[in-house]
Amino acid sequence: MGPFNAIVAREFEDTVTYQREQVTLADLSQGSVLIKVAYSDVNYKDMLALSAHGGVVRHYPFIPGIDLSGTVVASESDQLLVGQKVLVTGFQMGMSHTGGYAQYARVPADWVVPLPTGLTSREAMVLGTAGFTAALSIQRLEQAGMTVAQQPRILVTGATGGVGSVALKILLKAGYRNVTALVHRDNQIQVAKQLGAPQVVTSTTQFASRKPLQSAAFDFIVDTVGGDTLAQALTQVAYAGWVSTCGNAGGAVLTTTVLPFILRGVNLLGIDSVNVPMKDRLPVWQKLATEWNVTGTVLVNEISPAELSETVRALREGTHLGRTLLRCQEV
């Protein structure tokens, strides 16, 4: 197989640059499945991989991209056949293993999810890691007792971002109606309303008080932001309520008190979407392809590689909205 194109990130002193380059299979990490990549996407973690001191990639040059969908073109696995449509999210792809921002990617077979019936390759990346993480968060909260029949008070933080916007759509499709979208900027209020949020609040107004324990406003919270947003949200959870948390765009440090936990019995669930075992991963993707399939209503933008830098900048500045797909055969 001859050379093909990829986005290659290079580090020079305190700067990371990236551009289209020709590479060969020798430049890819080892794996038993070679995939012709149709789509990838742009996540917060991808932005970190393309930023100096982002903490995601240790060694450059490197091909980023934590997600991909495409078609198997070579396989050493009898479970994955040439011509089969597949997707890959998480594990070490786009971190220590070369990623999806290329026309071809090579990965271990046990990272590969057969594309579920009901999803196209494009729709798989409309969801990507963000959709998978959103589904995991809601699944865990439902396992903790959240039900449509009860119509609990639910807060979604970062509701116009990648994970938050998909979580909002899944909750609404599932039948939850008492859902509040939390946004950071005033210009995101209308976006959240367009996504269908029944109620929209800003962090400035919702978290105006800094008391360690506030009026119980929510029974369940899908937190996608972390940091101070999570700390303040914990103070407003009702007795025996549950909070899932999956992101750190708002900061990795959680400064809080024990009061929500020891006076209200609040429960905090950590959500990891990177190393989920395949036996747990497949049912979630099946649900995303069927009853939780919101790919037709998610806020999504599709870009060529030439537009990647603009999306990365928006993610870095906290102004990115919804999901962004990358057309990888144009790399």
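Let's start with a word we will need: on a 1 Å grid over the protein atoms alone, a pocket is an open set of points where a 1.4 Å probe fits, with protein on both sides within 12 Å along at least five of seven lines, and lining residues have an atom within 4 Å of a point. A volume is the space filled by probe spheres set on those points, which are joined across faces, edges and corners.

Please keep in mind that this is a predicted model, where local features need pLDDT of at least 70, side-chain atom pairs count only at pLDDT 80 or more, and totals for chains, interfaces and linings use all residues. Residues are numbered from 1 along each chain as its sequence is written, and side-chain values use heavy atoms, leaving out hydrogens and water.

So, the second largest pocket: its volume is about 220 Å³. Among the residues lining this pocket are Leu299, Asn301, Glu307 and His320. Strand S14 (300-303) and helix H9 (308-317) each give the lining at least two residues; helices (H or I, at least four residues) and strands (E, at least two) are DSSP runs, numbered from the N terminus.

Now for two helices. H2 (residues 121-143) and H8 (residues 278-289) pack at about 110°, with axes 9 Å apart; axes are lines fitted to C-alpha atoms over the stretch in contact, and angles run from 0 to 180 degrees between N-to-C directions. H2 and H8 are therefore roughly perpendicular, a label for 65 to 115 degrees. Their contact (heavy atoms within 4.5 Å) includes Phe132 of H2 and Trp285 of H8.

Finally, the domains, whose bounds come from an automatic or database assignment: domain 1 is 4-115 + 299-330, and domain 2 is 128-270. Their C-alpha centres lie 29 Å apart.

How values were computed
Parallel < 35°, antiparallel > 145°, perpendicular 65-115°, else oblique.
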